[in-house]
Amino acid sequence: MRHLPVRMARWSARHAGRAIAGWFAFVVLCLVAGIALGTNEATTKDFWVGEAGRAEATATEGGLERSPTERIMIRARSGELDTAAAGAAAQDVTERMRDLPEVESVAAPVRSKDGEVLLVSVVLNGPELKGKKNVVPLLEQTAAVGADHPHLVVEETGSPSISKGVNDQRDEDLALSERISLPVTVITLLIVFGSVIMAGVPLLLALSSIAAAIGLSMVASHVMPDAGVGTNLILLIGLAVGVDYTLFYLKREREERARAGGRLGPEALVELAAATAGRAIVISGLAVIVSTATLYLATDVIFSSLATGTILVVAVAVASSLTVLPALLVVIGRRADRVAPRRAARRARRGKPARARKPETGRVFGALLRPARTRPALTLCLSVLVMLGLTVPALGLKLIDPGKDTFSRGIPAMRVYDRLTESFPELFVTHEVVTRSTPEQAAQVKRALEDLGRRAQADPLFARAPKEAESTKDAQDAKGSENPTNPKGPQSPANPRTPAISEPTVRTSADGRISVLELSVPHPAPSAEAIESLTRLRQDHIPATVGRLPGVETAVSGDVARGRDYVSHESDKLPLVLGFLLLMTFLMTVWAFRSVVLGVIGVVLNLLSAGASLGLLVLVFQGTWAEGLLAFDSLGAIASRVPLFLVVILFGLSMDYQVFVVSRIQEARQNGMSAREAVLEGINRSAKVVTSAAIVMVTVFGAFVALHLTEMKQMGFCLAVAVLLDAVVIRLMVLPSVLLLLGERAWWPARRPGRTVRAQEPDAAGSTAEVG
């Protein structure tokens, strides 16, 4: 592996045209293959987790699965509701919806208790996740009814329309984040290189890597289903690491060019850069890939999709740095060599002196490094104490699985949802009790479930639901009910009724083996009351009723159960993922630098970065003080996917900086410098480029704070803070302090190398010879 980057760079340099054409042909091929195969999207069963997942699998087996449901509300535009006009609008809605092929059934209209709202519930055909794609014709018909009845407000909400609204908002948010991050990235690169062409190279390769990775992810989805989040992460990570890898390679090539002073050709300069930066990029990319692969241990379709997207875009970014980048640098270098004499002649005619080489570190970086250089022990103690202090709030971390109640009210369907639950609070949350038994036990199970329903109705945490509104499975759901009805639902919605209080209905499969009882709760899913109702149902009501029947399997699903079981599943997997992550980080560092001590240091520093960023995340998002500042509504907790995702991605990205900084120190050490000199030399030479790379990453991640989805805000904020802390506090203060204090002991058990002038010194023609 040590010589692979050099060999690849040498071939690309000598065949620049073919390398460049081959790379862009590869990108096009990836996109064409992905588009041809399409994306294999995850199905509902791929999201089943824990007891809720078992309940849904059982219900699906009996044909009693949850169907996507839309609610159409009809209310007066002003004043009291005109019953006759509202009935006519409900009739219009029913007839229009019944004619749509996407609709399975339409329920009879139900009036709210205050008589001000009329509700028509519509069940869509197909599985739950397909609802967001099939809901568009329903929204169009609802809008048409509203236009035909201008004195009424006719509006629609439901899980399908909310999901569609979330997707539309996410697309708009991603476009906004690109408009923020791309200009800042370009400006940063212009400052680093002072050249439009050189600044354009990292951006070009990052964008082409993203395009190739998106195509490959579509192909990979046929092996591992896509949960709909992989593309988002490819854009997020691809721009960050794609620019970073190219930036490190370019910076090293420019250093070699300045050191050679015109004595070496572009091909030789590229080989020198490949021998150092190229190897570091390979190690760094492997570290990110190995770290991210630990997400597969979570056995969760969302994390698997995130892992696949990250691994693909990092692998493609590494490949672009080793193949097409050397070719581009040779082309640009040849042009620079042709232009340089003319520029020098013009400067000479004008009497201007030759440009002096800029120092590796400026005043800012020098000031940041000064404490570690002059007082490493004190700097280490203070820096670690600060990081530990920032970690303290993480001890109060609370996790939540964000449901639809937490989505932005900028989505029209969410505003309608708020009005819906205000008029029909029993539609907030539904618990689904699913049983499996023998057909001979069907009657006994039904009686026990009815008893369970009565007990729940007597519990203040539960609400009594009208039969007409139950899950919109009105008319007893043609699939598996004892009294099947017309699959398109009631034919005459006239004379809407105010719902009468009735006991919840038990639905049983055709073979009598599986039954489902639905219980309504008038509280939003994330609330303490809704969570307590689930706990009481599982621990008290079920054991006292259907749980007493021998041989009957019982499980509970629903919005609350899904969220709670998902959080529990992730909490159970966290120690396993974290353990493997720490082990892989240690082993990768030891393999890269042949030092056990550096391996331990890498693990500890990554833990400090992760802990401090988690602490800041809790401090900002778990409370309410920053709501106005960052434009979010606090959930009172952190989205359950954020901590695990953060730790894994951060460990991988931190290895980027660890590898590049320590590689420069190792190189200085191999060139005969003392331990102290090597640390200062390596930090000095890498400080500017590492910080510039961090600025790009912070900008990319920080742009996500402007998004509407609170979960995405939390991810972006935490990653931006983590990268910033890692690049400034860890790499410029803690790491140099530790290495200066340890000296040669930091490289144990590796022995001190003999003094070398250069590992490989290409001649002007581009060939290489070993010198020592």
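A cavity is a set of points, on a 1 Å grid over the protein atoms alone, where a 1.4 Å probe fits but cannot get out; lining residues have an atom within 4 Å of a point. Grid points are joined across faces, edges and corners, and a volume is the space filled by probe spheres set on the points. A search of the whole structure finds two cavities of 30 Å³ or more. The second largest cavity holds about 50 Å³ of space. Its lining consists of Leu369, Ala372, Arg373, Leu680, Ile683, Asn684, Pro736 and Leu740. At least two lining residues come from each of α13 (363-374), α22 (675-702) and α23.

The structure is a predicted model, in which local features need pLDDT of at least 70 and side-chain atom pairs count only at pLDDT 80 or more, while totals for chains, interfaces and linings use all residues. Residues are numbered from 1 along each chain as its sequence is written, and side-chain values use heavy atoms, with hydrogens and water left out.

The protein chain contains 23 helices and 13 strands. Helices (H or I, at least four residues) and strands (E, at least two) are DSSP runs, numbered from the N terminus. Of the 772 residues, 55% are buried. Buried means under 20% relative accessible area, exposed over 50%, and partly exposed in between (1.4 Å probe, protein chains only). The accessible surface comes to about 31500 Å², and carbon and sulfur atoms account for 60% of this. Accessible areas come from the Shrake-Rupley method with a 1.4 Å probe; for residues, only the protein chains shown count as cover. Contact means heavy atoms within 4.5 Å. Among contacts between residues at least 6 apart in sequence, 82% join residues at least 24 apart.

Side chains of opposite charge can pair when their charged atoms come close. A salt bridge is a side-chain nitrogen of Lys or Arg within 4 Å of a carboxyl oxygen of Asp or Glu. The count is 37 salt bridges. Arginine 664 pairs with glutamate 255, with the closest N and O atoms 2.8 Å apart. This pair links helix α21 (residues 641-670), which holds arginine 664, to helix α9 (residues 230-260), which holds glutamate 255; the partners are 409 residues apart. Both residues are buried.

A second salt bridge joins arginine 334 and glutamate 267 (2.7 Å, N to O). Arginine 334 lies in helix α12 (residues 324-349) and glutamate 267 in helix α10 (residues 266-293), so the bridge ties together parts 67 residues apart in sequence. Arginine 334 is partly exposed, at 36% relative accessibility.

Arginine 669 and glutamate 744 also form a salt bridge (3.2 Å, N to O). Arginine 669 sits in helix α21, and glutamate 744 in the loop between α23 (710-742) and β12 (760-762), 75 residues apart. Arginine 669 is buried, with a relative accessible area of 4%. Glutamate 744 is partly exposed, at 32%. Salt bridges that share partners join Lys251, Arg252, Glu255, Glu256, Arg259, Arg664, Glu667, Glu681 and Arg685 into one network.

Glutamine 441 lies in the loop between β7 (429-436) and α16 (442-457). Glutamine 441 counts as buried, at 15% relative accessibility. Neighbours within four places in sequence aside, glutamine 441 is in contact with Pro550, Gly551 and Val552.

Methods:
1 Å grid on protein atoms, 1.4 Å probe; cavity = no way out; pocket = protein on both sides within 12 Å on 5 of 7 lines; lining within 4 Å.
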